[in-house]
Amino acid sequence: MMPAIETRNLQKTFGKTRAVNGIDLQVARGAVYGLLGPNGAGKTTTIRVLATLLKPDGGSASVLGHDVVREAAVVRAKVSLTGQFASVDEDLTGHENLVLVARLLGFTWSGARARAKELLEAFGLAEAAGRQVRAYSGGMRRRLDIAASLVLRAELLFLDEPTTGLDPRSRNHVWDIVRAIAGEGTTVLLTTQYLEEADRLADRLAVIDHGRLIAEGTSRELKESCGQRTLHVRVADRAQHGAAQAVLTQMLGDVHDDGDAVALSAKVSRDEQVPQALAALTAQGVAVAEFALAQPSLDDVFFALTGHAA
């Protein structure tokens, strides 16, 4: 099946800054695909090129089989975009916002009202439908914004940092919405700075830094590429923290203080190092309250690939 998105050596320059520097992407239809990277990495610029809001300066890009430059109008008719900031009208009610968007998209009055009601119920906003948006919480505004993007059932939805600034409860609600959208067959291209968000939602991930694609794969594949796992140890007595750190340093090398008076962590390259380190702690009379062997996180992956935190 033809991919939903395909780019080859995609480039976009602003003055002397190359915001997108030769990115190759291939996104399968029906997938949730994540673009992960820090501010200024080139994620939003990539989205804007794919959504036909910017013309590329080099390379090529096709969306749903159509070239974003030569067939821009066709692409726009098939995709929807939710940007970083809510685009709803604060002076209108939630229902009025959705009716307005539907009317602009060619719905009849009755069709617009019916679609608005359907979306408000689906997004958990039915009770607030008659309230002005200025009275909505940040999470409610974001949900309404995404709902407005789905008035027409798009084949591809671009979500540019959809949960930035939201509290954990609102973020979880948006995650549920994204999963539901993908479950209905819509392809979702998601940009985010939140490593947990990418881990929870995306089928595949592309890590972008300084306009370049530096890694691509599933969350598991990226974590495995990082190699080393981490041994986390909590000592029973904080007075033994220093002794435990000395033992683990001798056995494993670099040991990190986890910001807790009883917690330490260290990278493990071989499985046998774990029982050896625990045995060494016991031999030195250090009582271990608990320990865990953890896979690398996406934060570890990003640091390993870029040399700095996400």
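In this predicted model, helix H5 (residues 138–149) packs against helix H6 (residues 168–183) at an angle of about 15°, and their axes lie 9 Å apart. Axes are lines fitted to C-alpha atoms, for helices over the stretch in contact, and angles run from 0 to 180 degrees between N-to-C directions. Helices (H or I, at least four residues) and strands (E, at least two) are DSSP runs, numbered from the N terminus. H5 and H6 are therefore roughly parallel to each other, a term for angles under 35 degrees. Their crossing is right-handed, meaning that the near helix is turned clockwise from the far one by less than a right angle. On the H5 side, Gly139, Arg143 and Ile146 meet Ser170, His173, Val174, Ile177 and Ile181 of H6, where contact means heavy atoms within 4.5 Å. By class, these residues are four nonpolar, three polar and one charged. Ala, Val, Leu, Ile, Met, Phe, Trp, Tyr, Cys and Pro count as nonpolar, Asp, Glu, Lys and Arg as charged, and the others, Gly among them, as polar.

H5 also packs with H3, the two axes coming within 9 Å and crossing at roughly 20°. That makes H3 roughly parallel to H5, and this crossing too is right-handed. Gly94, Asn97, Leu98 and Val101 of H3 meet Leu144, Ala147 and Ala148 of H5. The contact holds five nonpolar, two polar and no charged residues.

The largest nonpolar core has 35 residues, of which Leu98, Phe123, Leu144 and Ile146 touch the most other members. Such a core is a set of buried Ala, Val, Leu, Ile, Met, Phe, Trp, Tyr and Cys residues joined through side-chain atoms within 4.5 Å; buried means under 20% relative accessible area, with a 1.4 Å probe and protein chains only. At least two core residues come from each of helix H3 (94–104), helix H4 (109–122), H5, strand S7 (156–160), H6 and strand S8 (187–192). H6 gives the most, six residues. Apart from this core lies another, of 26 residues, including Ala4, Ala41, Leu54 and Leu156. Beyond its neighbours within four places in sequence, Leu98 contacts Ala116, Leu119, Leu120, Leu144, Ala147, Ala148 and Val151.

Ser265 lies in strand S13 (residues 263–268) and counts as buried at 7% relative accessibility.

Residues are numbered from 1 along each chain as its sequence is written. Local features need pLDDT of at least 70 and side-chain atom pairs count only at pLDDT 80 or more, while totals for chains, interfaces and linings use all residues, and side-chain values use heavy atoms, leaving out hydrogens and water.

How values were computed
Parallel < 35°, antiparallel > 145°, perpendicular 65-115°, else oblique. Buried < 20%, exposed > 50% of the residue type's maximum accessible area, 1.4 Å probe, protein only.
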